[in-house]
Amino acid sequence: KYHEVIAYVEKLGTTENLLNAKDIEHLVGQSYFALKEYGPAAEHLDKYVQSSAKVRQEDIYQLAYARYRNGQYAQAITRFSELNAQENSLGQNALYCLADCYLKSGQKAEARNAFAGAMKFSFDLVIKEESNFNYAKLSYELGYENVSISSLVGFMETCPASAHIAETRELLAELFL
């Protein structure tokens with residue numbers, strides 16, 4: 001009942017003087033996040049994270065993802081970077097989103113490194129495949145010819161049914177030329 005949580009808290013007005021203000025911010029932030037309203041979600045989750053001594057990794061991820069979806073890539077990068085050491089599905093997702101933030105910020109080398117991290121995990125095979133392809137493609141774009149050749153050939157062998165196969169073949173042809 002996410003809408004009811006939000007409506008109830010809006011009736012209260014400011015939450016600053018309430019006894020459990022940070023917990024209320026957390027609930028409201030999570031409610032907005034569940035409704036995919038990332039602007040207000042980021043605002044409330046940020047208040048919660050800033051006022052809490054210890055937060056769960058999932059809360060950091062939600063805040064980072066909300067910033068990412070709002071196009072606030074620098075802030076998202078900061079938060080996603082806090083999660084890149086996680087060796088679980090949350091860490092894999094965080095690395096993939098971090099890589100995309102770097103790409104959208106024009107930081108291709110950092111994106112390549114984040115994709116390399118995300119492709120090491122097999123928690124989400126779609127993310128693994130996308131990361132593998134993007135790592136190979138960025139290796140090509142950044143001039144790592146030997147790495148890009150081996151990565152692209154490896155991608156073709158491990159993901160022969162991928163939607164990226166045609167582009168992979170084109171990149172390999174350009175490299176060999």
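## Helix 4 against helix 5

The axes of helix 4 (residues 57-69) and helix 5 (residues 73-81) cross at roughly 160 degrees and come within 8 Å. Helix 4 is therefore roughly antiparallel to helix 5 (angles over 145 degrees count as roughly antiparallel, under 35 as roughly parallel, 65 to 115 as roughly perpendicular, and the rest as oblique). Axes here are lines fitted to C-alpha atoms, for helices over the stretch in contact, with angles from 0 to 180 degrees between N-to-C directions. Helices are DSSP runs of H or I with at least four residues, strands are E runs of at least two, and numbering starts at the N terminus.

From helix 4, Ile60, Tyr61, Leu63, Ala64, Tyr65, Arg67 and Tyr68 take part in the contact. Their partners in helix 5 are Tyr73, Gln75, Ala76, Arg79 and Phe80. Contact means heavy atoms within 4.5 Å. The residues of this contact comprise 9 nonpolar, 1 polar and 2 charged (Ala, Val, Leu, Ile, Met, Phe, Trp, Tyr, Cys and Pro are nonpolar; Asp, Glu, Lys and Arg are charged; the others, Gly among them, are polar).

## About the model

This is a predicted model, in which local features need pLDDT of at least 70, side-chain atom pairs count only at pLDDT 80 or more, and totals for chains, interfaces and linings use all residues. Residues are numbered from 1 along each chain as its sequence is written, and side-chain values use heavy atoms, leaving out hydrogens and water.

## The whole chain

The chain has 10 helices and 0 strands. Its radius of gyration is 20 Å, well over the 16 Å that the globule rule gives for 177 residues, so the chain is more spread out than a compact globule. That radius is taken over C-alpha atoms, and the rule is 2.2 Å times the number of residues to the power 0.38. Along its principal axes, the C-alpha trace spans about 65 × 25 × 25 Å.

Buried residues account for 42% of the 177 residues (buried means under 20% relative accessible area, exposed over 50%, partly exposed in between, with a 1.4 Å probe and protein chains only). Among contacts between residues at least 6 apart in sequence, 46% join residues at least 24 apart.

## Two residues

Glutamine 72 sits in the loop between helix 4 and helix 5. Glutamine 72 is partly exposed, at 27% relative accessible area. Its C-alpha atom lies 22 Å from that of glutamate 130, 58 residues away along the chain.

Serine 151 belongs to helix 9 (residues 145-158). Serine 151 is buried, at 12% relative accessible area. Leaving aside residues up to four places away in sequence, serine 151 touches Asn132, Tyr135 and Ala136.
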